[in-house]
Amino acid sequence: MRHRDEAETVGVPDPVDVWIAGRLAELRAERGWSLGELAERSGVSRSTLSRAERAETSPTAALLNRLCHVYGRTMSRLLSEVEAEPAPLVRADEQSVWEDRASGFVRRSVSPPHPALRGELVEGRLAVGADIAYDRPPVAGLEQHIWVLEGDLEVTAEDTGHQLGAGDCLRLRVWGPTRFRCTGDEDMRYVLAVVLP
């Protein structure tokens, strides 16, 4: 399985990718940064940033994580900004789903961020062999609870590996790089509870 750090080129952009592109451009404009300044802050090339802001690529989880870190928000918060004010009840068919096609990662925002709340719930699905590495958390000290529902997952945080099976839960605060790998011979599914520090 190949691992891609930046973005996957696509033919016709997905509507969510178009929205993400517009929001990324807005966030950069709000700060008055040039593409060069954002490239320095994020460690992502100017050309990749430019293509992402024009929806010429489908951003990977790793790319969005780097940009979320620079902008000081979680990935869920970024993805939820496409929606109107979140309702207290989030029906299954209203939960936004985003896919990183390059890595085999599907992310469902079960309980999206809300200005009055510090926590959120995410369902993650990893295909067999999927391997996702994040070089830093989007927000330093982010609290995470990872509950495996199906399959086998290896999570590495601060150079310590944790092997999880169905029913296991890993609790941690994220300060540095993390890595999620589907280590079994079947796709896996987990719930991620995220709490802002």
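Predicted model: local features only at pLDDT ≥ 70, side-chain atom pairs only at ≥ 80, totals over all residues.

Numbering starts from 1 along each chain as its sequence is written, and side-chain values use heavy atoms, with hydrogens and water left out.

**Stop 1: two helices**

Select residues 15-31 for helix α1 and 61-71 for helix α4. (Helices are DSSP runs of H or I with at least four residues, strands are runs of E with at least two, and both are numbered from the N terminus.) The α1 and α4 axes sit 11 Å apart at an angle of about 30 degrees; axes are lines fitted to C-alpha atoms over the stretch in contact, and angles run from 0 to 180 degrees between N-to-C directions. That makes α1 and α4 roughly parallel, a label for angles under 35 degrees.

Now show the side chains where they meet: Ile-20, Leu-24, Leu-27, Arg-28 and Arg-31 from α1, against Leu-64, Leu-67 and Tyr-71 from α4. Contact here means heavy atoms within 4.5 Å. By class, the contact of α1 with α4 has 6 nonpolar, no polar and 2 charged residues. Nonpolar covers Ala, Val, Leu, Ile, Met, Phe, Trp, Tyr, Cys and Pro, charged covers Asp, Glu, Lys and Arg, and the others, Gly among them, are polar.

**Stop 2: the rings**

(Rings of Phe, Tyr and Trp, taking its six-membered ring, pair if their centres lie within 6.5 Å; planes under 30 degrees apart are stacked, over 60 edge-to-face, the rest tilted.) Trp-33 is in the loop between α1 and α2 (35-42) and Tyr-71 in α4, so the pair links parts 38 residues apart in sequence. Buried or exposed? Trp-33 and Tyr-71 are both buried, meaning under 20% relative accessible area with a 1.4 Å probe, protein chains only.

Next, pick Tyr-134 and Phe-180, an edge-to-face pair with centres 6.2 Å apart and planes at 80 degrees. Tyr-134 belongs to strand β6 (residues 131-134) and Phe-180 to strand β11 (residues 178-182).

**Stop 3: a buried glutamine**

Finish on Gln-144 in strand β7 (residues 142-150). Gln-144 is buried, at 12% relative accessible area. Its contacts include Phe-180, Leu-170 and Leu-192.

Methods
Parallel < 35°, antiparallel > 145°, perpendicular 65-115°, else oblique. Buried < 20%, exposed > 50% of the residue type's maximum accessible area, 1.4 Å probe, protein only. Lists of a residue's contacts leave out its neighbours within four places in sequence.
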